[in-house]
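I opened the model and kept notes on what I looked up. The entries follow in the order I made them.

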Amino acid sequence: MRPYGDTTGDGMVQVSFTLPVSHDKRAEGAAVQLANKMGIDPAMLVHAKPMSDGFTFFVVYGRVNHLVDLAAVQVVERDYPLLSAKEVNAVVKRRLRRKLSVVGACIGTDAHTVGIDAILNVKGIAGEKGLEYYRELKVSNLGAQVSVPELVEAARRERADAVLVSQVVTQRDAHLHNTREMSAAFREAMPAGRRPLLIVGGPRFDETMTAELGVDRIFGRGTTPGEVASYLVHALVTSREARG
């Protein structure tokens, strides 16, 4: 299939980007040239705005001839049931017989707590309450700019069943470097049988990279607290019982 713009199958797309050049006619021509090299032909410049000295933001609209093969798309499907807060509490209380301990943080220099707060804080996101609302979950939110050693120590102190890390800052792949550092630190600090579940989330993660990054689960944009809570029950209670 082809992208849809004005009519079915017309292949029309819209892209935005920034070039390190001051805004003038030559800069606009450079934006169109880039769009052509990306396979957009014809390319129409529909917006150009100076960002700061030497930088200009562009929006280009045009046609591509590329086809999308849905059969070749690889994604991580949810492989566990989505439970309500009441159901999560009931499973943890009945089968784990203690509170499930969760430690969350933004690590490295990342100071953007909006993601971790949306999952952990009682207020949650979009009308869905966060994990602090679940009475059978014990939640410790360490906040922003937490070092990896501090996270490992907190996980040990809280006897964490799961560690949740949010990474929003992605310049120079900081989110990937931080995640690899975290997973290596936990492998070194704790034996496999006593290591908490390692979960990372953020808008720029590829959910298929769990093995490469050394974590158990990656959640992308749009993840809800209920999805995370349901996964915790699945991974820490249901699956372990099935294996046992």
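I began with Q167, which lies in the loop between β6 (162-166) and α5 (174-189); helices (H or I, at least four residues) and strands (E, at least two) are DSSP runs, numbered from the N terminus. The model is predicted, so I noted that local features need pLDDT of at least 70 and side-chain atom pairs pLDDT 80 or more, while totals for chains, interfaces and linings use all residues. Residues are numbered from 1 along each chain as its sequence is written, and side-chain values use heavy atoms, without hydrogens and water.

Is Q167 buried or exposed? I found Q167 buried, at 1% relative accessible area (buried is under 20%, exposed over 50%, partly exposed in between, with a 1.4 Å probe and protein chains only). Leaving aside neighbours within four places in sequence, the contacts of Q167 include C106, I107, D110, H175, N178 and F205 (contact means heavy atoms within 4.5 Å). The side chain of Q167 also reaches the backbone oxygen of I107 at 3.2 Å.

Next I checked the backbone. R159, in the loop between α4 and β6, has phi near 50°, a positive value in a residue other than glycine. R159 is exposed, with 72% relative accessibility. Q145 is not a glycine either, and its phi is positive at about 55°; Q145 lies in the loop between β5 (137-141) and α4 (148-157).

I then looked at P42, in the loop between α1 (25-37) and β2 (43-52). The peptide bond from D41 to P42 is cis, with omega near 0°.

Last, I looked up V75, in the loop between β3 (55-63) and α2 (85-96). V75 is exposed, at 54% relative accessible area.

Terms used
Polar contact = N/O pair within 3.5 Å; in protein donor to acceptor, adjacent residues only side chain to side chain.
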